[in-house]
Amino acid sequence: MSTRSLARPDGVRDPDRDSDSGDGSGSGTGPGSRRPRLREAPPPLDAVSKKIIEQLQEDGRRPYAAIGAAVGLSEAAVRQRVQRLVRAGVVQIVAVTDPLRVGFTRQAMIGIRVGGPLDPVLQTLRDLDEVAYLVITAGSFDILAEVICEDDQHLLYLLNEHIRPIQGVRSTETFVYLELSKQTYTWGTR
(Lines give C-alpha, C1' and ligand atoms only; values in the text may rest on other atoms or scores of the structure.)
Protein backbone atom coordinates (compact mmCIF):
# COMPACT_ATOMS: atom_id res chain seq x y z
CA MET A 1 0.00 0.00 0.00
CA SER A 2 1.33 3.44 -0.92
CA THR A 3 0.65 6.46 1.26
CA ARG A 4 1.78 9.97 0.46
CA SER A 5 1.23 12.79 2.92
CA LEU A 6 1.07 16.33 1.64
CA ALA A 7 1.50 19.31 3.93
CA ARG A 8 -0.10 22.70 3.58
CA PRO A 9 2.23 25.71 3.32
CA ASP A 10 1.88 26.25 7.08
CA GLY A 11 3.24 22.72 7.69
CA VAL A 12 -0.03 21.13 8.84
CA ARG A 13 -0.99 17.81 7.21
CA ASP A 14 -4.09 18.05 5.07
CA PRO A 15 -5.93 14.70 5.14
CA ASP A 16 -8.06 15.76 2.16
CA ARG A 17 -4.90 15.93 0.04
CA ASP A 18 -3.38 12.66 1.27
CA SER A 19 -3.60 9.92 -1.32
CA ASP A 20 -3.89 6.22 -0.67
CA SER A 21 -4.73 4.24 -3.73
CA GLY A 22 -4.90 0.89 -1.99
CA ASP A 23 -3.38 -0.78 -5.06
CA GLY A 24 0.16 0.55 -4.79
CA SER A 25 -0.15 2.48 -8.03
CA GLY A 26 -0.60 5.91 -6.52
CA SER A 27 -3.35 6.53 -9.05
CA GLY A 28 -6.08 7.23 -6.52
CA THR A 29 -8.41 4.74 -8.20
CA GLY A 30 -8.12 1.72 -5.89
CA PRO A 31 -10.42 0.62 -3.07
CA GLY A 32 -11.02 3.33 -0.48
CA SER A 33 -9.29 5.98 -2.55
CA ARG A 34 -10.34 9.55 -3.08
CA ARG A 35 -10.62 11.12 -6.50
CA PRO A 36 -7.51 13.30 -7.03
CA ARG A 37 -8.06 17.05 -7.20
CA LEU A 38 -7.02 18.93 -10.29
CA ARG A 39 -5.94 22.00 -8.33
CA GLU A 40 -6.11 22.96 -4.70
CA ALA A 41 -8.45 25.89 -4.10
CA PRO A 42 -6.68 28.97 -2.73
CA PRO A 43 -7.68 30.19 0.71
CA PRO A 44 -10.60 32.62 0.74
CA LEU A 45 -9.48 36.23 0.54
CA ASP A 46 -10.75 38.89 2.91
CA ALA A 47 -11.16 42.53 1.85
CA VAL A 48 -7.75 43.53 3.23
CA SER A 49 -5.89 40.78 1.33
CA LYS A 50 -7.69 41.84 -1.85
CA LYS A 51 -6.58 45.45 -1.30
CA ILE A 52 -3.00 44.27 -0.77
CA ILE A 53 -3.14 42.32 -4.05
CA GLU A 54 -4.46 45.37 -5.88
CA GLN A 55 -1.61 47.48 -4.46
CA LEU A 56 0.92 44.91 -5.68
CA GLN A 57 -0.72 44.73 -9.12
CA GLU A 58 -0.17 48.47 -9.48
CA ASP A 59 3.45 48.26 -8.33
CA GLY A 60 5.06 44.97 -7.29
CA ARG A 61 7.93 46.91 -5.68
CA ARG A 62 5.70 49.09 -3.49
CA PRO A 63 7.11 49.06 0.06
CA TYR A 64 5.17 47.11 2.68
CA ALA A 65 4.94 50.29 4.80
CA ALA A 66 3.20 52.14 1.92
CA ILE A 67 0.84 49.21 1.35
CA GLY A 68 0.13 49.09 5.08
CA ALA A 69 -0.78 52.78 5.11
CA ALA A 70 -3.14 52.25 2.17
CA VAL A 71 -4.91 49.21 3.69
CA GLY A 72 -4.76 50.04 7.40
CA LEU A 73 -2.17 47.47 8.58
CA SER A 74 1.33 47.60 9.98
CA GLU A 75 4.32 46.91 7.73
CA ALA A 76 4.90 43.58 9.52
CA ALA A 77 1.27 42.49 9.08
CA VAL A 78 1.42 43.27 5.35
CA ARG A 79 4.69 41.34 5.02
CA GLN A 80 3.13 38.28 6.70
CA ARG A 81 0.02 38.43 4.52
CA VAL A 82 2.06 38.79 1.33
CA GLN A 83 4.23 35.82 2.34
CA ARG A 84 1.09 33.71 2.94
CA LEU A 85 -0.37 34.75 -0.43
CA VAL A 86 2.87 33.81 -2.19
CA ARG A 87 3.13 30.42 -0.41
CA ALA A 88 -0.50 29.65 -1.26
CA GLY A 89 0.14 30.40 -4.93
CA VAL A 90 -2.37 33.28 -4.99
CA VAL A 91 0.28 35.77 -6.16
CA GLN A 92 3.74 35.79 -7.69
CA ILE A 93 5.96 38.81 -7.42
CA VAL A 94 8.24 38.87 -10.46
CA ALA A 95 9.91 41.27 -12.87
CA VAL A 96 7.95 41.19 -16.11
CA THR A 97 10.23 41.90 -19.05
CA ASP A 98 9.70 42.80 -22.67
CA PRO A 99 11.15 39.72 -24.41
CA LEU A 100 12.28 41.80 -27.40
CA ARG A 101 14.47 43.95 -25.17
CA VAL A 102 16.20 40.99 -23.53
CA GLY A 103 17.10 39.06 -26.69
CA PHE A 104 13.99 37.01 -27.52
CA THR A 105 12.70 38.15 -30.90
CA ARG A 106 10.02 35.51 -31.48
CA GLN A 107 6.89 34.95 -29.40
CA ALA A 108 4.05 32.68 -30.44
CA MET A 109 0.92 31.00 -29.16
CA ILE A 110 0.74 27.33 -30.13
CA GLY A 111 -2.64 25.61 -30.27
CA ILE A 112 -2.25 21.90 -29.59
CA ARG A 113 -4.75 19.11 -30.29
CA VAL A 114 -4.26 15.98 -28.21
CA GLY A 115 -5.45 12.42 -28.73
CA GLY A 116 -5.70 10.76 -25.33
CA PRO A 117 -4.97 12.02 -21.83
CA LEU A 118 -3.81 15.62 -21.45
CA ASP A 119 -1.67 15.19 -18.31
CA PRO A 120 1.39 13.55 -19.93
CA VAL A 121 1.43 16.19 -22.67
CA LEU A 122 1.00 19.01 -20.16
CA GLN A 123 3.85 17.70 -17.99
CA THR A 124 6.22 17.54 -20.95
CA LEU A 125 5.26 21.06 -22.01
CA ARG A 126 5.68 22.38 -18.43
CA ASP A 127 9.27 21.16 -18.49
CA LEU A 128 10.18 23.19 -21.60
CA ASP A 129 11.97 26.44 -20.70
CA GLU A 130 10.46 28.22 -23.72
CA VAL A 131 6.88 27.69 -22.52
CA ALA A 132 5.81 30.77 -20.56
CA TYR A 133 2.06 30.17 -20.34
CA LEU A 134 0.14 26.93 -20.54
CA VAL A 135 -3.62 26.41 -20.35
CA ILE A 136 -6.19 23.69 -21.00
CA THR A 137 -8.91 25.05 -23.26
CA ALA A 138 -12.33 24.27 -24.63
CA GLY A 139 -12.86 24.67 -28.35
CA SER A 140 -10.76 23.61 -31.32
CA PHE A 141 -7.56 23.20 -29.25
CA ASP A 142 -7.03 21.16 -26.13
CA ILE A 143 -4.00 23.15 -24.96
CA LEU A 144 -2.61 26.60 -25.65
CA ALA A 145 1.09 27.18 -25.00
CA GLU A 146 2.69 30.60 -25.24
CA VAL A 147 6.36 30.30 -26.11
CA ILE A 148 9.24 32.76 -26.11
CA CYS A 149 12.12 32.00 -28.47
CA GLU A 150 15.33 33.68 -29.55
CA ASP A 151 14.37 33.73 -33.24
CA ASP A 152 12.42 31.85 -35.93
CA GLN A 153 15.00 29.04 -36.09
CA HIS A 154 14.61 28.50 -32.34
CA LEU A 155 10.81 28.38 -32.73
CA LEU A 156 11.09 25.89 -35.60
CA TYR A 157 13.46 23.71 -33.55
CA LEU A 158 11.12 23.84 -30.54
CA LEU A 159 8.13 22.79 -32.66
CA ASN A 160 9.85 20.03 -34.65
CA GLU A 161 12.09 18.55 -31.95
CA HIS A 162 10.19 19.08 -28.71
CA ILE A 163 6.46 19.73 -29.18
CA ARG A 164 5.24 17.79 -32.22
CA PRO A 165 7.04 14.55 -31.16
CA ILE A 166 5.29 14.45 -27.76
CA GLN A 167 3.27 11.26 -27.54
CA GLY A 168 -0.41 12.18 -27.79
CA VAL A 169 0.06 15.40 -29.79
CA ARG A 170 -2.14 15.06 -32.90
CA SER A 171 -1.56 18.49 -34.43
CA THR A 172 -0.36 22.00 -33.71
CA GLU A 173 -1.15 25.43 -35.07
CA THR A 174 1.24 28.30 -34.44
CA PHE A 175 0.17 31.93 -34.09
CA VAL A 176 3.27 34.12 -34.41
CA TYR A 177 3.09 37.44 -32.55
CA LEU A 178 3.78 40.45 -34.77
CA GLU A 179 3.25 43.17 -32.15
CA LEU A 180 2.23 43.34 -28.51
CA SER A 181 -0.76 45.65 -28.39
CA LYS A 182 -1.76 45.32 -24.72
CA GLN A 183 -0.48 43.49 -21.66
CA THR A 184 -1.79 44.32 -18.21
CA TYR A 185 -1.84 42.75 -14.77
CA THR A 186 -4.05 45.29 -12.99
CA TRP A 187 -7.43 43.58 -13.27
CA GLY A 188 -7.97 43.82 -9.51
CA THR A 189 -9.79 41.21 -7.41
CA ARG A 190 -13.36 40.05 -6.92
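## Arg 81 and the model

Arg 81 is placed in helix 3 (residues 75-87); helices (H or I, at least four residues) and strands (E, at least two) are DSSP runs, numbered from the N terminus. The model is predicted: local features need pLDDT of at least 70, side-chain atom pairs count only at pLDDT 80 or more, and totals for chains, interfaces and linings use all residues. Residues are numbered from 1 along each chain as its sequence is written, and side-chain values use heavy atoms, with hydrogens and water left out.

Arg 81 has a relative accessibility of 18% and therefore counts as buried. Buried means under 20% relative accessible area, exposed means over 50%, and partly exposed is in between (1.4 Å probe, protein chains only). With neighbours within four places in sequence left aside, Arg 81 is in contact (heavy atoms within 4.5 Å) with Asp 46, Val 48, Ser 49, Ile 52 and Leu 73.

## Chain overview

The protein chain holds 5 helices and 6 strands. Read from the N terminus, the order of its elements is β-β-α-α-α-β-α-β-β-α-β.

Of the 190 residues of the protein chain, 26% count as buried. Among contacts between residues at least 6 apart in sequence, 54% join residues at least 24 apart.

## Helix 1 with helix 3

Two packed helices are described by the angle between their axes and the distance between the axes. Axes are lines fitted to C-alpha atoms, for helices over the stretch in contact, and angles run from 0 to 180 degrees between N-to-C directions. Helix 1 and helix 3 have axes that come within 11 Å and cross at roughly 85°. Helix 1 is therefore roughly perpendicular to helix 3; angles under 35 degrees count as roughly parallel, over 145 as roughly antiparallel, 65 to 115 as roughly perpendicular and the rest as oblique.

On the helix 1 side, the contact is made by Val 48, Ser 49, Ile 52, Ile 53 and Leu 56; on the helix 3 side, by Val 78, Arg 81, Val 82 and Leu 85. The residues of this contact of helix 1 with helix 3 divide into 7 nonpolar, 1 polar and 1 charged. Here Ala, Val, Leu, Ile, Met, Phe, Trp, Tyr, Cys and Pro count as nonpolar, Asp, Glu, Lys and Arg as charged, and the others, Gly among them, as polar.

## Helix 2 with helix 3, and Val 78

The axes of helix 2 and helix 3 come within 8 Å, crossing at roughly 100°, so helix 2 is roughly perpendicular to helix 3. Tyr 64, Ala 65, Ile 67, Gly 68 and Val 71 of helix 2 make the contact with Glu 75, Val 78, Arg 79 and Val 82 of helix 3. The residues of the contact of helix 2 with helix 3 comprise 6 nonpolar, 1 polar and 2 charged.

Val 78, in helix 3, has 0% relative accessibility and so counts as buried. Leaving aside neighbours within four places in sequence, Val 78 is in contact with Ile 52, Tyr 64, Ile 67, Gly 68, Val 71 and Leu 73. Between Val 78 and Ser 49 there are 8.7 Å in space, C-alpha to C-alpha, and the two are 29 residues apart in sequence.

## Helix 1 with helix 2

Helix 1 (residues 47-58) packs with helix 2 (residues 64-71) at an angle of about 130°, and their axes are 10 Å apart. The two helices are therefore oblique to each other.

Helix 1 passes helix 2 in a right-handed crossing. A crossing is left-handed if the near helix is turned anticlockwise from the far one by less than a right angle, and right-handed if clockwise. From helix 1, Val 48, Lys 51, Ile 52, Gln 55 and Leu 56 meet Ile 67, Ala 70 and Val 71 in helix 2. The residues of this contact of helix 1 with helix 2 divide into 6 nonpolar, 1 polar and 1 charged.

## Aromatic pairs

Rings of Phe, Tyr and Trp (its six-membered ring) pair if their centres lie within 6.5 Å; planes under 30 degrees apart count as stacked, over 60 as edge-to-face and the rest as tilted. By this rule there are 2 aromatic pairs. The ring centres of Phe 141 and Phe 175 are 6.1 Å apart and the planes stand at 90°, so this pair is edge-to-face. Phe 141 lies in the loop between strand 4 (131-136) and strand 5 (143-149), and Phe 175 lies in strand 6 (residues 169-176), so the pair ties together parts that are 34 residues apart in sequence. Phe 141 counts as buried at 11% relative accessibility, whereas Phe 175 is partly exposed, with a relative accessible area of 37%.

Tyr 185 and Trp 187 form a tilted aromatic pair, 6.2 Å centre to centre with 50° between the planes. Tyr 185 counts as partly exposed at 39% relative accessibility, and Trp 187 is exposed, with a relative accessible area of 56%.
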